[in-house]
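Please walk through the structure below, one chain at a time. The account begins with overall features and then turns to single residues and pairs.

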Amino acid sequence: MRPKTIANCTRSLVKGGAKNGIRLGARGLHEFRTAKISFGNSVGSCEAVLLPGTRVFAQASAAIGEPSDSRPGEGSFTISVWVSPAATGEMVGNSEKPSAIARTLERMFKENRAVDLESLCIKFGELAWILRVDVHVIDMNGCLQDAAALAVLGALLTFQRPQAQIDINTDELVVLPLAESTPVELHLFHLPAVTSFALCDDVLLAEPCQEEEDILPGKLLVGVNDSKELCHLHLTHPIDQELLLEATKLAQVQCLERLNMLKQLVEEVKAQREIPVYKRPKGPRTAGAELKLSAIEELSTSGPEQKPSMKYLSPLISTSDVNMLEELCIF
Amino acid sequence: MEESGSSSIGMKRTNLDLNDELGKLVMPGDEFCIPDDSSKVILGPGLRSVIDKPSGELKTIVGCKAGLLRKAKPNTFFLEMKTRSYQSFKKDDVLGIIKQKSKGEHYSIDVACRELRAQLSKNAFEGATKRYRPDLQVGDCIYGKVMDFPKDYPLELTCVQPSGKACGLGSLNGGHIFHVPVHFVRALRTANPKDNLLQKIGKIVPCETAVGANGLVWIKASNAVLTILVSQLLQTLSKANPEEYGTYLNKFNSTVRTVV
Amino acid sequence: MESAASEKHEEGEEEQQQDEDETPYCPFFSNSELFAFMTKERFLREEEIAGVDESSFQFVRPMRAKLSILENPHGSVRFWQGLTCVIAAVYGPSDVRMSKELPHRAAVDVLFRPKVTGSGNMSAMLAAGLMDPLMEERAIEQTVVGILESVIHLEDHVQAGFNVILHEIENDGCLVSACVNATVLALLSAGCSLRNVVCAVTLGVSGDSVVVDPCAKQIQDIQKSMGKDACKSNGLLTFVLTNSHGFVPQILHVSCKGRVLPSELKTCYKLVCSGKIVQEVVRFFYLCISKDLKYSEGNGVEKIEEQVEMEPGEVESSSGDEVDEDGE
């Protein structure tokens, strides 16, 4: 269990160490954390892990509804963040952390227009796709925004929605089921990613862990997209100009690396999806075993002393012990 | 059903013998028969006795956690698991961090377990009187002993041994405090000098240490770099196999040589 | 179908030299060489899944589990039952809100969080046949609470609480039984005192055939056949069983969704009580835990022979719940 209060000795160690290039963890001052991204079985689910100890899971889904009055030609996009008690340890929710993450994600994806919302419109003013991404923070150890942004991006990139169109003749909505038509992917204008730094009196620490975040006074979030444009900046402490430039350079390199890795993984997932079902390598069984009721009727039940036979169910097993079970049952 | 063939793994087993099952995995619900000889058997965590209510006789010993059965002197059986949570027990040595300093008689302490109401009396230090008592601040580390109060009382610590002397308890200055999983604390505190990790580390890097049974560890080496290195080593070892300790220690040794 | 990759450590920039009298600056800190003794191995360990040989699962869908994946909770598990995936985290015994505190035993609190929340999901859920998503969540939570109250030794931890958090990652049918199994594995890995090991299994009854642990497609087939012939019974039966005495398990919970004839219920009960299904699942739990604990078993054998001496205070302190003496 991590202690909730931070000891004074740790505080002075972290602050003194930061000035000398020493960190609590096994990393250098400007070394970023390792990220692992994995995709789930259903479309649009992605999990991002920032070692050690931060795990965020995102799921994208879409439903058809009415667009908003102010923007009738676009679909709508909602991000909902939930920090799980598994991460914080308290069953009662705290609303600070989720709102901070949600604010960052909204700025990055919605206000910067990362997702092409106009392509989500089905019928002007009446029908549009409502896109929704649910972000669950399962484990917490600093740098939540970074992991959340990666997870949301992964979810959006792998998400597929069915084709929906208005039938010309009858003017009705026709949604082609996923199984029968080619699903449509989302169109993203640019792919943003974000990295965070902790600030301490002219020293930058890349991607702090939870203790460093709590102890060090300042925090800097830099978001860079795949076209090397700065797309998000958030600062909570006075900082020198040169330091800020240095931070943006580091962040750019790191974000691009992460985005390239993400793109590569998404390509692999899409390539796997392209393979038709009959050609896929046979994995473990995913369906339950089917049995006939009549076969079970003749199963020999075992009393407390007897071991049941290991033979698979077959009608040849004797039925002599069925009576004993009749007594056990209420029927 | 004593045979553990592949057909009955996992199912509830009865009539097991405590001595035969040493080192094997015991699941909740496994029953042991009482040893025939009239020796005293102490049951540790994970095992409990089932007493026949009307007659008060001991019926069986039942496992209630999933763990490997181990034996310690004298005649104590317990289940070894990888626990992460700490349950406070009497007379344990624990490390705590002062959370709150109230005007009353107590400091409120954070003991890294879910017990919110741990307290340390301001007078519970060596040689403390009403006029002269050590002035501790919020955020100081202390090494204390859990006092022997009944279960309903909030957790109370003391920094003074029953004899009145401190003998190593009290507040700690400097260094670094961090947490390790609770199951690792056993490896750190064994009295067996061959197995004791801290002694092996101490040969490489001399440092002051304090290990709390609640999983908090305090390290103070000669400079900050070494302190952090030792703390990282301990956190790594806590996740590794016991067989790998040797290799880790060797690498650590060579690393420290390059630093110093 | 999960693809995972790891990113290489980025070599940090060289730090500028700084003058400091007390703490000597170490130039090696910007490489990962200094800490090379730890990072790589920990990485690999995370990938291991306690997978059992899949052919050993005859009835239930093949299960996989990864224990202790989260750092903060006392016990956590990521559990697959076929393609249904659930993450369970357990804090226990731990603090509980004053309003939920009970004077004579510990309180059990379960939280289930589905993957997609919010009203946008309603229409999709209704189409899938679930009645009301919020009620479904509460139903799963209350089912698990009821089961845990009879499995955990609650009297040992007065005024404490057991908090269980369940996250649905993937729903491919039988979510309730997957949640119960995941909870039990998480409790075992957290080291909570249980009375016995418990497992859950779902049977889908349709006409004259029974499907053990149906996947979503099979459930849909069962429900579709309801429309065709209103008299035919079809439903989902969920049983929660212990691995009790001999091979006849005790039943902790039975629930039915749909319509089932009593004779069919009897047959399903027979199938389940024959012990084979329970055996498969409980064997899987056993193998998971043994694989997880193998890491501490390392020099276990030597330790026993050496008769590890512990400090005198050690025995009482590590023996938590009961220190019991055996008389005659």
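A contact here means heavy atoms within 4.5 Å. With that cut-off, take the contacts in chain A between residues at least 6 apart in sequence: 70% of them join residues at least 24 apart. The model is a predicted one, and local features are reported only where pLDDT is at least 70.

Chain A is built from eight helices and 15 strands. It has 331 residues, of which 55% count as buried.

Two residues of chain A deserve a look at their backbone angles. Most residues other than glycine have a negative phi. Arg113(A) has a positive phi, near 55 degrees, and is not a glycine. Its place is the loop between helix 3 (96-111) and strand 5 (121-123) of chain A. Is Asp202(A) buried or exposed? With a relative accessibility of 58%, Asp202(A) is exposed, since the class begins over 50%.

Chain B is divided into three parts: domain 1 covers 25-80, domain 2 covers 93-173 and domain 3 covers 177-259. Taken over C-alpha atoms, the centres of domain 1 and domain 3 of chain B are 33 Å apart. For residues 175-224 of chain B, an unreviewed UniProt entry lists "domain: K Homology". This span is 34% helix and 30% strand, and its end C-alpha atoms lie 8 Å apart.

Glu31(B) belongs to strand 2 (residues 31-32) of chain B. It counts as buried because its relative accessibility is 19%, and the limit for buried is under 20%. Which residues does Glu31(B) touch, leaving aside those up to four places away in sequence? One run of these contacts is Lys12(B), Arg13(B), Thr14(B), Asn15(B) and Leu16(B), and the others are Thr60(B), Ile61(B) and Val62(B).

Charged pairs come next. Over all chains, a search of the whole structure finds 23 salt bridges. One of them joins the side chains of Lys145(B) and Asp93(B), with N to O at 3.5 Å. Lys145(B) lies in strand 11 of chain B and Asp93(B) in strand 8 (residues 93-101), so that the pair links distant parts of the chain, 52 residues apart. Lys145(B) and Asp93(B) are both buried. Strand 8 of chain B also holds Lys101(B), whose partner Asp135(B) lies in the loop between strand 10 (118-121) and strand 11; the pair therefore ties together parts that are 34 residues apart in sequence. In this salt bridge between Asp135(B) and Lys101(B), the closest N and O atoms are 2.7 Å apart. Asp135(B) counts as exposed because its relative accessibility is 56%, whereas Lys101(B), at 34%, counts as partly exposed.

Chain C supplies a further pair. Glu149(C) and Arg105(C) form a salt bridge whose closest N and O atoms are 3.6 Å apart. Glu149(C) is in helix 3 (residues 133-151) of chain C, while Arg105(C) is in the loop between strand 5 (84-94) and strand 6 (107-113); the two are 44 residues apart, and the pair links distant parts of the chain. Glu149(C) is partly exposed because its relative accessible area is 34%. Elsewhere, salt bridges that share partners join Glu47(A), Arg55(A) and Arg78(C) into one network.

Which residues make the nonpolar surface patch of about 280 Å²? Met147(B), Phe149(B) and Tyr153(B) make this patch. Tyr153(B) is located in the loop between strand 11 (141-146) and strand 12 (156-158) of chain B. With 51% relative accessibility, Tyr153(B) counts as exposed, because the cut-off for that class is over 50%.

Definitions and conventions. Residues numbered from 1 in each chain as written. Chains lettered and ligands numbered in written order. Predicted model: local features only at pLDDT ≥ 70, side-chain atom pairs only at ≥ 80, totals over all residues. Heavy atoms only, no water. Patch = residues over 30% accessible without salt bridge, like charges linked within 9 Å, V, L, I, M, F, W, Y side chains within 5 Å. Areas by Shrake-Rupley, 256 points an atom, 1.4 Å probe, with all protein chains shown as cover. Salt bridge = Lys/Arg side-chain N within 4 Å of Asp/Glu carboxyl O. Helix = DSSP H or I, 4+ residues; strand = E, 2+ residues; numbered from the N terminus. Buried < 20%, exposed > 50% of the residue type's maximum accessible area, 1.4 Å probe, protein only. UniProt positions renumbered as here; feature names shortened; annotations may be inferred. Domains from an automatic or database assignment.
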